[in-house]
Each structure stands twice: as structure tokens, then as C-alpha cells.
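Here is a short note to read beside the model. The points follow under one heading.

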Amino acid sequence: MTHADSSAASIGLYPFDARGVAKRFRHAAIFGALAALEPGETMRFYNDHDPLPLLAQIEAHFGSRVTIAYVARAPGEIIIDFGIA
């Protein structure tokens, strides 16, 4: 864990870089990471494309327990904060 990661974790913000996860494991890893979050914590998600089908799956599975907020939405650089209520 880097200093930046430990600082983020101390405020309940956990990075998840999907670009480094094999495609066949990606959705399972994302759902597992979201399920591990405690109320008030946030997963900052990094990806190279806008994961619209994944967002629909997350909303269907977690419902109102998860908030979805784009931090960046540029081609090749997607950053989304997933918060747990």
C-alpha cells in the first residue's frame, strides 16, 4: 500500500483500478470489492471505458445502498466513486 493509498483508506476512500484485472475476473472482483465496503466508505473505480452495463448490474444488485458519481468521464479515462450507504 502506498502512502497515497493509506491516506485515502484513512478517510474511507479505496482505489480499484479495473484496468489491471483480467477481463474474465473483472465483474466478480468489482462486486466483491463493493460487498466488502462498510457504510460510509467509497470505492474509487478507474477504467478505460464507460462501463454502462456494469453500472446497470450494480444498481440492480445493490439498489439504493450504492451511490454512483462520476469523477472523470473522458475517453480512455473513467473514474467513478461508488459509495455505500
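**Notes on salt bridges, core and helix**

1. Asp81 and Arg44 join their side chains in a salt bridge at 2.7 Å, N to O (a side-chain nitrogen of Lys or Arg within 4 Å of a carboxyl oxygen of Asp or Glu). Asp81 lies in strand E4 and Arg44 in strand E2, so the pair ties together parts 37 residues apart in sequence. Asp81 is buried, with a relative accessible area of 16%, and Arg44 is partly exposed at 23% (buried is under 20% relative accessible area, exposed over 50%, partly exposed in between; 1.4 Å probe, protein chains only).

2. This is a predicted model, in which local features need pLDDT of at least 70, side-chain atom pairs count only at pLDDT 80 or more, and totals for chains, interfaces and linings use all residues. Residues are numbered from 1 along each chain as its sequence is written, and side-chain values use heavy atoms, with hydrogens and water left out.

3. The whole structure holds three salt bridges. Another one pairs Arg73 with Asp50 at 2.9 Å, N to O. Arg73 sits in strand E3 (residues 66–74) and Asp50 in the loop between E2 and H3, 23 residues apart. Arg73 is exposed at 52%.

4. The largest nonpolar core has 17 residues, and among those touching the most other members are Ile30, Met43 and Phe45 (such a core is a set of buried Ala, Val, Leu, Ile, Met, Phe, Trp, Tyr and Cys residues joined through side-chain atoms within 4.5 Å).

5. In helix H2, Arg26, Ile30, Phe31 and Leu34 are buried (helices, H or I, of at least four residues and strands, E, of at least two are DSSP runs, numbered from the N terminus).
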